[in-house]
Amino acid sequence: MLDEIQKSILAEVADLHGVPMGAYNIRANGQLDSRNTTANIDIVTKTDVSGIDIKVKDNTKNESVHIPVVLSKSGLKEVVYNDFYIGDNCDIVIVAGCGIDNCGTGDSQHDGVHRFFIGKNSKVKYVEKHYGQGDGTGKRILNPQTEAYLGEDSYMEMEMVQIKGVDSTVRNTISKLDKGAKLIVRERLMTHGDQTAVSAYTVELNGEGSSADVVSRSVAKNNSYQKFDSKIIGNNACSGHTECDAIIMDDAKILAVPGLEANNIDAALVHEAAIGKIAGEQITKLMTLGLTEEEATDRIISGFLK
Amino acid sequence: MLELKNISFHVDDEHGDKEIIKDLSLKIDDGKFVVITGPNGGGKSTLAKLICGIETPTGGSILLDNEDITGMSVTQRANAGISYAFQQPVRFKGIKVYDLLKIATGTNISIADACNYLSEVGLCAKDYINREVNASLSGGELKRIEIATIIARNTKLSVFDEPEAGIDLWSFQNLISVFEKMQENNSNRTILVISHQERILNIADEIIVLKDGAVDKIGSKDEILPTLLGTASARPSCSRINV
């Protein structure tokens, strides 16, 4: 059973206030806490490495899988491999997320390796939230690696959110798309204190008519460091767009490296990157509506990251 | 009542020390519709910013209902009852029209209330309530949303800096109706508008002509407007938007 701290983390990363509906696998401090499978979605523990296989049958529609991870023991380090096998013609939502509460002196680290094999004509929404709390000196470290292989005419939307409390993160996402497949990525990132966050995407548009839209919005506060490195490779007649839009504050540093590689004359690729501080007139406008300078700044940031 | 006493405002930039407002004094009574006009560069927008606290005067004092607000911040003045509609409204990524109206009213207003404010400025609420106040909105749409936030605030003093600029397909007559309705709902509500437009000057109780940072003329519409007709301080509206 989860304790109160673990429950509060669960609410942050998976918006869960109790047992979720549908299939789920809750992992707490390196152990399986609870699991539920459905007629269409099976979850099996891997035998060679730590992790699970999630198998979704063909034609599974309007079902969800929650696989949150909570770490509340200081000094725990783990690498977990989760593989998702999504059949053809599915429409499902997958909610993953990791929250760390570290009140101790040891570093707590969760490195999740997620692989998605998505069948033809399937639609997947993947939500991943990362969150850290606890006032110990031990660091909270999350290094997610995501691989997504999109079958013909499939669609995947990834919502990646890391707003608070993670000291160090190196996030690597790679994706390969077949004919007619579409990938949408919406990343929201905020770093504060001395945190560092590196987020790298490599998207290969291999099939004719495939497309990708990778957009990151981030805020770097205090002394934190962020690197956004996004590369879209067009190997066929395809379209790709990547965008990094960042607000820089205090003494933070941000490096944006949008990259495009076209290997086909019909590849249409676009990148945009913008880094800047909050415009003074935005703060002034909200102050004329009655907010204090601090409230105005918070409002602008929360809107930007919404 | 708003009272400016011996207000002066200097800027010191690469062109040297420049006096933008010179020892300016005036009183604006409650419930009045006052239009400030005058040549470009005469200090009109600066005066509006001094009243709202965006700029701080280098000399003199500003009183609202006999309380000295000269040292108050923009936020304090907003909460004391001053609203300010920007000449060029600000865009925000991620803040929706509904959010802006909620901030303006300071309460968690219902969608129906928000819709009422948008209808006042001729926007179909259904199309706008969940739009972000970002670059996807035209200058005219932004301007009307800006005016809606001022209606929503419902403060005793509302300052509009060239509200007619860029109102595109909306008409002057609608803008004038907005002003009239604001005062109908609250007869003590004071509206201060910076404008060159003859049709806006025409509904003024009082007109102030600002020139070279000082009051050149002040008086009732009937006294002042005839002296301005045909000058740049009272321009007829463009025939294309004169609906």
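User: How many residues does the contact take from chain A and from chain B, and what makes a residue count?

Analyst: Chain A gives 16 residues to the contact and chain B gives 19. Two residues are in contact when their C-beta atoms, placed from the backbone, lie within 7 Å. A word on the model first: it is predicted, local features need pLDDT of at least 70, side-chain atom pairs count only at pLDDT 80 or more, and totals for chains, interfaces and linings use all residues. Residues are numbered from 1 along each chain as its sequence is written, while chains are lettered from A and ligands numbered from 1 in the order in which they are written.

User: Which elements supply at least two residues each of the side of chain A that touches chain B, and which gives the most?

Analyst: On the side of chain A that touches chain B, α2 (280-288) and α3 (293-304) of chain A each supply at least two residues. The most comes from α2(A), with 7 residues. These names follow DSSP runs: helices are H or I with at least four residues, strands are E with at least two, and both are numbered from the N terminus. By class, this side of chain A has 6 nonpolar, 6 polar and 4 charged residues.

User: Which residues in α2(A) are buried, and what makes a residue buried?

Analyst: The buried residues in α2(A) are A:Gln282, A:Ile283, A:Lys285, A:Leu286, A:Met287 and A:Thr288. A residue is buried if 20 or more other C-beta atoms, placed from the backbone, lie within 10 Å of its own, exposed if 12 or fewer, and partly exposed in between. The buried residues of α2(A) pack against α3 of chain A, together with α1 (44-52), α2 (74-80), β6 (82-85) and α3 of chain B. After α2(A) comes A:Gly290, with a positive phi near 110 degrees.

User: What value has the phi of A:Asn62, and why does A:Asn62 count as buried or exposed?

Analyst: Phi of A:Asn62 is near 55 degrees, a positive value in a residue other than glycine. A:Asn62 has 9 C-beta neighbours inside 10 Å, so it counts as exposed. A:Asn62 lies in strand β5 of chain A.

User: How do you know which strands of the open sheet in chain A are edge strands?

Analyst: Pairing decides it: two strands pair if DSSP finds at least two bridges between them. The sheet has 10 strands in the order β2-β1-β5-β7-β9-β12-β14-β16-β18-β20 (chain A), with mixed pairing. Its edge strands are β2 (31-36) and β20 (267-276) of chain A, as each pairs on one side only. Inside this order, β12 (residues 155-164) and β14 (residues 182-191) of chain A pair in the parallel sense over 8 bridges, with A:Lys182 in β14(A) as the bridge partner of A:Tyr155.

User: What makes β15 and β17 of chain A a pair?

Analyst: DSSP gives 10 bridges between β15 (residues 196-205) and β17 (residues 225-234) of chain A, in the parallel sense. One bridge partner in β17(A) is A:Asp229, for A:Ala200. Strand β17(A) also pairs in the parallel sense with β19 (residues 253-262) of chain A over 10 bridges, and A:Ile233 stands opposite A:Glu261 in β19(A).

User: Why is chain A called as compact as a globular protein of that length?

Analyst: The secondary structure of chain A comes to 3 helices and 20 strands. Its radius of gyration is 20 Å, close to the 19 Å that the globule rule gives for 306 residues, so chain A is as compact as a globular protein of that length. The radius is taken over C-alpha atoms, and the rule is 2.2 Å times the number of residues to the power 0.38. Buried residues make up 44% of the 306 residues in chain A.

Note on methods: Ala, Val, Leu, Ile, Met, Phe, Trp, Tyr, Cys and Pro count as nonpolar, Asp, Glu, Lys and Arg as charged, and the others, Gly among them, as polar.
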